[in-house]
Amino acid sequence: MLISIFLRSIWSRKLMAGLTCVSIAISMFVLLSVAHIQGQIRQSFERSVSGVDLIVASRTSQLNLLLFSVYQIGYATHTLSWQSYLALQHNPQVDWAIPLAMGDSYAGKAVVGTTKDFFQHYKFANKRSLHFSQGERFERVFEVVVGAQVAQDLDLKLQQNLVLAHGTGKVSFTKHNDHPFTVVGILAPTGTPVDRTIYVPIEAIDAIHAHEPHANELLSQAQVDTNDMGLTAVLVAASSKMGILSLQRQINQNVDEALSAILPAVALQELWQLMDVVEQSLQLISWLVLAAAMLGLITMLLASMLERRKELLVLRALGAKASLIVLLIEGEALTITLLGCVFGYVLLTVGLHVAAPYVLQYFGLAIEVMPTFTTLLRFSGFALVIAALLALIPALLAYKQSLARGLQVN
Amino acid sequence: MEFAVDIQDLTYRWPGNADFSLNIARWQIEAGKKVFLYGQSGSGKSTLLNLLSAVMPAKQGKLCVLGQDLTSLAAAQRDAFRANNIGMIFQQFNLLPFLSGRQNIELATLFGAKTRLAKLENISTITDKLGLSAAVLKQQANQMSVGQQQRIAIARALLLQPPLIIADEPTSALDSDLRDEFIQFLIANSPNSTVIFVSHDRSLAPHFDQSFDLFELQRRGVAVC
């Protein structure tokens, strides 16, 4: 009965209580989404490259190298020569080396030239290999393998033909009409930039740019124009894990061509350090939003004090303890905060469901749509503790007043 | 003789207010009497009612209500004592505005120690007598007229037939004909209870067995000291 009175009392002030609840819900939404998306971005970045010991490109900063080679953000100012790639491949300390040639696009999707080895050696997340949902690796010059998202967005089927363009824009002015490519493989979704990429044989990149016709020969017979070929980056695995650092030093000190070799994990670390300031600002803002919502809660409780006083008067006359008012006010603060947390969580879940496809499409970030429960519990727990502590102010004020004034209203 | 109220040398000072104090040397009310207490605002009426209803603790003197020495009770015991023994009616703020008439009457059983489920059967008996229709009982308190609210308040005070009923200006918001009806009903339906009816309207005194003037009570107290 007391609980039903308590709930009806809140319900009688539903507008105020509702608005307060919504403001807490919004603050929880902001807090949870910042924490969630922050974690997801890190995870998404970290899952994109695995099993690659070094990434080599023409000399540039390690962060830039990482961003353009793995995430296709930004671009390489210089290319790396085919000779340097061959030298890497023949280096005894190198287990395998996979060339990547970027800079072309098809309908806004990046076109990357590489070798068949890419599909064998590239790993993502926890050393998971690439799988084909349909078809297989390319074997001929004018064959392509597309990522899951590309296939879905462009509605590509096996054996379909495409015409690849030079340049990375959605609208390309110089179309390479002469070389139609055939889709021979579609990769299973990975939640990495691979999904948004079209892979062509490295020999074809050469063919796209050369204007004389090329034959669609088997890759084993195709020749790469070694003088002309500019690579964006080379993914390298060292033959022994112990030798990674010495290999890196060796590449960085290469005299024939100015090269940079980076350790992906170290470069990511640098990225996180840069992001730290942004992340912390976002976190600070979300905490401030929560603080504002909590102040709103206290304002609401204080504003309802006169009504509360009359309510308590009736209950006191019926034999209620004066301390009941502490329970009522604390209970109200906690109920509204709890509801706010739940609504905030629902809001986030709905928001993520709506936003996730767009985030994937435009930023290439695969975002988990269900925020982790532990994050929710952590923030809700915190909000509840703060609410309980802040509500002590009006609660104890009312309690003191009730003791001092007895059954008088004023 | 049994006394519903037995006061001797009772002194009360509000904390932080040295100007006002309540002093009653001796005041006794026999059990079962219907008593009128005349008190103007500022006469110490609220103080006395807070003490009698065991809301505020009496610190000096003797204050016995229904044979229980209230000065010896702790706060929680006083609250339980009030829940089990005293029915109260005020001028206003008798009802929780967001509850229905019936729910407001049922509030009487909320804090008492004993199981009062059986007593809930009394609700219809009392509401019938009070002329409270089923519609009024379903209505929310804040949508009722003042007269309806006061009748709900009486119904609640009488529901458990407490040995002591304290009414603080319950009729000042009512029209004069409703006022007499209210008092007659209250007296007629509390045969075994002691009733203390406080008002600043002396014309109501003839309805009661005895009448006291709080100002006189206090002055006599001072004289005795």
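**A loop histidine and the contacts beyond**

Tutor: H207(B) is found in the loop between β8 (194–199) and β9 (210–213) of chain B; helices (H or I, at least four residues) and strands (E, at least two) are DSSP runs, numbered from the N terminus. This is a predicted model, so local features need pLDDT of at least 70 and side-chain atom pairs pLDDT 80 or more, while totals for chains, interfaces and linings use all residues, and side-chain values use heavy atoms, without hydrogens and water. Residues are numbered from 1 along each chain as its sequence is written, with chains lettered from A and ligands numbered from 1 in the order in which they are written.

With a relative accessible area of 26%, H207(B) is partly exposed (buried means under 20%, exposed over 50%, partly exposed in between; 1.4 Å probe, protein chains only). Not counting residues up to four places away in sequence, H207(B) touches D180(B), I183(B), Q184(B) and I187(B), where contact means heavy atoms within 4.5 Å. With one of these, D180(B), the side chain of H207(B) makes a polar contact of 3.2 Å (a pair of N or O atoms within 3.5 Å; within protein, one must be able to donate a hydrogen and the other to accept it, and residues adjacent in sequence count only if both atoms are side-chain atoms). By contrast, A153(B), 54 residues away in sequence, lies 20 Å from H207(B), C-alpha to C-alpha.

Let's move to where chain B meets chain A. Here 25 residues of chain B are in contact with 26 residues of chain A. The two chains bury about 2,300 Å² between them, 72% of it on carbon and sulfur atoms (buried area is the accessible area, 1.4 Å probe, that two parts lose on being put together, summed over both). On the chain B side, F93(B), F98(B) and F111(B) lose the most area to chain A, together 31% of what that side buries. The interface has 1 salt bridge (a side-chain nitrogen of Lys or Arg within 4 Å of a carboxyl oxygen of Asp or Glu). R316(A) and D79(B) form a salt bridge, 3.0 Å from N to O. Helices α1 (45–52), α2 (75–85) and α3 (101–106) of chain B each supply at least two residues of the side touching chain A, and α2(B) gives the largest share, 4 residues. By class, that side has 16 nonpolar, 5 polar and 4 charged residues (Ala, Val, Leu, Ile, Met, Phe, Trp, Tyr, Cys and Pro count as nonpolar, Asp, Glu, Lys and Arg as charged, the others, Gly among them, as polar).

Q103(B) lies in it and is buried, at 19% relative accessible area. Leaving aside neighbours within four places in sequence, Q103(B) is in contact with M1(A) and R8(A). In this helix, R102(B) forms a salt bridge with E106(B), the closest N and O atoms being 3.9 Å apart; the two are 4 residues apart, about one turn of the helix. R102(B) is partly exposed, at 35%.

Now for chain A itself. Its domain assignment gives domain 1 (2–45 + 272–405) and domain 2 (54–262), with bounds from an automatic or database assignment. Their centres, taken over C-alpha atoms, are 49 Å apart, and 8 residues of domain 1 are in contact with 8 residues of domain 2. Together the domains bury about 670 Å², 59% of it on carbon and sulfur atoms, with 0 salt bridges between them.

The side chains of R42(A) and D276(A) meet in one, 3.6 Å from N to O. R42(A) is in helix α2 and D276(A) in helix α9 (residues 264–303), so this pair ties together parts that are 234 residues apart in sequence. In another, K241(A) pairs with D53(A) at 3.0 Å, linking loops 188 residues apart. K241(A) is exposed, at 54%, whereas D53(A) is buried, at 9%.
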